[in-house]
Amino acid sequence: MRRVLPALVATAVAVGLSAPPWRYLIEQSMVWHMAIQMPLLVLAGWWVMRAVSRGRTLPWLAPWNRYGLTGFVTALVILAYWMLPLAIDRAVVLPQADLLKLLTLFIAGLLLQHSFACSPLALQLFFVGYLVSMMTWLGSYFITTDLRLCNAYSLETQVQTGWGIAAIGVGLGALWVGFALGRGRCVDPLAG
């Protein structure tokens with residue numbers, strides 16, 4: 001139950017932000033939408049996969065996600081799509097786009113947890129480096145541009161979101177470095 005509880009809480013909060021009465025938070029603020037709800041969805045998927053797999057590589061998923069490569073690429077495509085201002089606008093005005101966002105970001109979290117569990121540190125470094133650079137670049141672009149990129153949100157909330165995305169990117173990078181230093185070795189998914 002201790003492994004499942006964080007996943008349930010994160011999922012309930014993230015999905016609840018797309019439903020009344022909390023929906024006004026993501027309709028009013030890009031920060032709530034991109035810097036709070038979307039990371040929570042990925043985190044919820046991560047925790048669910050962690051609770052299901054209990055730290056082991058799932059045998060039925062391992063052949064498809066050898067060394068975590070397929071999962072990393074799929075998750076990167078999903079995350080990159082939901083960083084597009086057009087996709088954010090659609091999620092605000094179209095319920096089906098919002099539902100797609102909920103599902104795909106949750107799946108991205110599932111895939112990321114499985115990929116990290118079965119990939120060597122060198123591959124993780126490549127993925128984390130790409131993700132951190134993508135998030136910090138997008139955050140700095142949101143902060144510095146004078147263009148309002150999303151029709152649904154003001155320029156002020158776009159700047160605040162840029163700071164949030166950049167902070168999340170740097171935080172993820174620092175978290176992974178701490179994890180890698182603590183782990184101190186690569187796990188070969190073919191070993192044992």
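Zero disulfides turn up in a search of the whole structure; the criterion is a pair of cysteine sulfur atoms within 2.5 Å. Cys118 is buried at 2% relative accessible area. Cys150 is buried too, at 1%. Buried means under 20% relative accessible area, exposed over 50%, and partly exposed in between (1.4 Å probe, protein chains only).

## Basis of the model

This is a predicted model: local features need pLDDT of at least 70, side-chain atom pairs count only at pLDDT 80 or more, and totals for chains, interfaces and linings use all residues. Residues are numbered from 1 along each chain as its sequence is written, and side-chain values use heavy atoms, with hydrogens and water left out.

## Salt bridges

The whole structure holds three salt bridges, each a side-chain nitrogen of Lys or Arg within 4 Å of a carboxyl oxygen of Asp or Glu. They link Arg23, Glu27, Asp98 and Lys101 in a network.

Glu27 pairs with Arg23 at 3.1 Å, N to O. Both sit in helix α2 (residues 23-28), four residues apart, about one turn of the helix. Helices are DSSP runs (H or I, at least four residues), numbered from the N terminus. Glu27 is partly exposed at 35% relative accessibility, whereas Arg23 is buried at 13%.

## Across to helix α6

Arg23 also bridges to Asp98, with the closest N and O atoms 3.2 Å apart. This pair links distant parts of the chain: Arg23 is in helix α2, Asp98 in helix α6 (residues 95-117), 75 residues apart. Asp98 has a relative accessible area of 5%.

Lys101 meets Asp98 at 2.7 Å between the closest N and O atoms. Lys101 and Asp98 are three residues apart in helix α6, so about one helical turn separates them. Both are buried.

Notes. Helices (H or I, at least four residues) and strands (E, at least two) are DSSP runs, numbered from the N terminus.
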